Amino acid sequence: MSDLILGIETSCDETAAAIVEDGKKIISNVVASQISIHQKYGGVVPEIASRKHMEYIIPVIDKALDESGKKITDLSAIAVTYGPGLIGSLLVGLSVAKAMAYAQNIPFIGINHLEAHIYANLLEHNEIKPPFVCLIVSGGHTSLVYIRHFGEYKLLGQTKDDAAGEVFDKIAKVLDLGYPGGPITEKLAKEGEPSSIKFPRPLLNDKSYDFSFSGLKTAVIYYIKELKKENKNIPVSDILASFQQAVIDVLVGKTIKAALKFKTKQIILAGGVAANSLLRKEIKKKANLLNIKVFYPSIFLCTDNAAMIASAGYYKFKENKKSSLNLDAVSRLPLERKNQ
Amino acid sequence: MKILGIDTSTKFCNLGLIEDEDILIECTINGLKKKHSSILVPAIKNLLKTIDLKIEEINGIAVSIGPGSFTGLRIGLCVAKGLCYARSLPLLGIPTLDAMAFPFKEIPYLICPVLESKKDEIYDVVFRGGVSLHKVMDYKCEDIQSLLFRLSPLKEKIIFSGDGIKKYRDIIKEKIGKDALFIDSQLNLPVATSIAFLGLNKLKKGEEDNISTLSPFYLRKSEAEIIWEKKYK
Ligand SMILES: [Zn+2]
């Protein structure tokens with residue numbers, strides 16, 4: 001008998017539900033994005049995000065069930081993100097999930113969103129086996145993690161200020177390119193020369209595995225301002241290519257360093273920025289020379305989705321790790337804490 | 001018919017289960033530390049267990065839709081939606097202020113339930129009691145002076161209830177005088193049983209709400225929207 005898990009994700013600005021069979025097979029995967037709603041505010045507004053999740057949650061769950069061709073009574077368990085994320089947004093998915101699980105008398109499983117990003121890789125790559133090093137990089141996070149066994153995470157380092165994806169958004173905003181900044185930057189940077197402007201590579205040669213991107217952000221913004229002041233032409237593609245290269249150099253450098261230090265032959269990328277093709281290419285190039293394999297999810301599984309929540313839920317379900325119905329949302333949930 | 005009423009619009013996490021005209025069981029938990037999210041589903045589970053009922057024996061879920069604490073309202077409504085979706089039950093949304101006035105419906109005075117809002121504002125509405133509740137002034141989010149400005153010329157007896165009056169008792173007495181009657185704010189707040197009775201009325205009239213689209217009755221825009229409108233409109 002196969003196990004069907006309903007995954008629910010509402011930690012930021014996507015309302016998502018998915019049904020996954022046996023942790024691997026995605027039967028349905030529905031995401032309702034609020035990007036267009038938050039655009040006019042230049043970023044996610046928590047109260048508005050909560051209100052929108054409230055409107056979307058049941059239609060999204062209903063669509064996921066409908067597209068799967070399964071009934072609610074076919075479900076083995078319900079898995080839902082309980083952190084990290086925006087508290088008001090998390091509470092929407094968490095409350096609906098608990099009520100549904102209780103009313104159906106099936107297990108309810110709280111999932112760490114960051115852990116789920118790692119599991120997104122398992123949906124497509126059977127061959128991944130711990131130990132490995134994982135770079136989780138998105139608009140909300142930049143963390144380097146060592147995974148000895150599934151469920152056992154060692155946080156090696158993380159950003160001290162802005163997340164990498166957040167900096168892409170801010171630079172795009174300064175150049176009036178719209179939101180989100182990642183895909184636009186990647187596209188325009190292709191026409192630019194990555195070595196044309198020397199931007200800093202913060203903490204690249206530092207001993208730690210921490211990141212810091214706010215200094216780089218300031219340097220890029222200052223560069224643009226100076227050109228504007230002197231009424232000079234702004235070489236957008238060159239700026240973006242050089243800036244993107246600086247971010248990627250740091251991400252790749254630290255990740256490779258961690259893989260060498262922990263003597264692992266596998267590197268895993270996760271999160272929205274893992275969709276960046278230059279990051280994928282550069283890290284593979286470096287890793288190949290060292291005989292290290294690199295894995296990353298398909299682009300649609302890099303960004304926030306509920307299939308990864310269902311997948312992570314499946315493994316917990318199999319280990320009989322269900323959560324208590326009094327589980328609360330945790331905005332700053334670390335990866336290391338033992339999941340309930 | 002058995003209806004479960006849920007209210008998390010204030011600091012109280014409140015449940016009431018009725019069968020036709022009868023109250024079967026009630027439960028009020030002071031969730032002061034904003035722990036409605038932890039408390040609510042286990043409380044429903046325990047409530048039903050206490051009287052040996054299963055969720056599938058319930059005929060409908062009535063829930064308070066506000067105004068009130070934004071987060072509290074969403075937790076209550078999401079749990080109600082989850083229960084209704086999972087068991088195909090009718091969902092019945094009830095304005096919190098209506099439920100606060102419900103126990104006084106037969107008193108032939110004006111009834112003014114008042115809930116605390118943010119920043120020196122209150123949520124209010126005015127009913128006239130008698131045979132049933134009749135709304136004479138619409139739901140508002142305003143300051144106390146605006147409410148009293150509308151009420152003082154009426155020269156009628158007015159029952160004030162809810163946590164919104166605590167702070168303003170003296171101001172109300174000064175403006176309304178002897179016509180102002182006060183109900184203990186704590187005892188009038190657990191309204192889930194009234195929510196359930198009002199939900200049953202709605203269900204009997206075939207007025208169940210849409211599980212997908214029912215949203216809280218916020219009565220107040222988010223701060224980001226207010227600031228944005230000030231800037232661009
Ligand atoms: Zn994410």
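This is a predicted model: local features need pLDDT of at least 70, side-chain atom pairs count only at pLDDT 80 or more; totals for chains, interfaces and linings use all residues.
Who meets whom? On the α2(A) side, the residues are A:Glu47, A:Ser50, A:Arg51, A:Met54, A:Ile58, A:Ile61, A:Asp62 and A:Leu65. On the α2(B) side, they are B:Phe70, B:Arg74, B:Leu77, B:Cys78, B:Lys81 and B:Tyr85. By type, that contact holds 8 nonpolar, 1 polar and 5 charged residues.

Now the whole interface. Chain A contributes 31 residues and chain B contributes 34 residues. Between them the chains bury about 2,800 Å², with 66% of it on carbon and sulfur atoms. Which residues of chain A lose the most area to chain B? A:Arg51, A:Met54 and A:Tyr102 do, and together they make up 26% of what that side buries.

Next, the zinc ion. Its protein donors are NE2 of A:His113, NE2 of A:His117 and OD of A:Asp304, lying 2.1 Å from the ion. Along the chain, the spacing reads H-x3-H-x186-D. Distant parts of the chain are linked here: A:His113 sits in helix α4, residues 113–119, while A:Asp304 sits in the loop between α10 and α11, 191 residues away. Are A:His113 and A:Asp304 buried or exposed? Both are buried.

On to a loop residue, A:Ala163, between β8 and α5 of chain A. A:Ala163 counts as buried because its relative accessibility is 2%, and the cut-off is under 20%. Beyond its neighbours within four places in sequence, A:Ala163 contacts A:Ser138, A:Gly139, A:Gly140, A:His141, A:Thr142 and A:Phe213.

Last, backbone checks. A cis peptide bond joins A:Tyr179 and A:Pro180, with omega about -5°. A:Pro180 is in the loop between α5 and α6 of chain A. In chain B, the bond from B:Gly66 to B:Pro67 is cis too, omega near 5°. B:Pro67 lies in the loop between β4 and α2.

Then positive phi outside glycine. A:Asn231 has phi of about 55°, in the loop between α7 and α8. A:Asn231 is exposed, at 74% relative accessible area. B:Ser88 has phi near 50°, in the loop between α2 and β5 of chain B. B:Ser88 is exposed as well, at 66%.

Conventions
Residues are numbered from 1 along each chain as its sequence is written. Chains are lettered from A and ligands numbered from 1 in the order in which they are written. Side-chain values use heavy atoms; hydrogens and water are left out. Contact means heavy atoms within 4.5 Å. Helices (H or I, at least four residues) and strands (E, at least two) are DSSP runs, numbered from the N terminus. Ala, Val, Leu, Ile, Met, Phe, Trp, Tyr, Cys and Pro count as nonpolar, Asp, Glu, Lys and Arg as charged, and the others, Gly among them, as polar. Donors are N, O and S atoms within 2.8 Å of the metal (3.2 Å for Na, K and Ca); water is not among the atoms, so sites may look incomplete. Buried means under 20% relative accessible area, exposed over 50%, partly exposed in between (1.4 Å probe, protein chains only). Buried area is the accessible area (1.4 Å probe) that two parts lose on being put together, summed over both.
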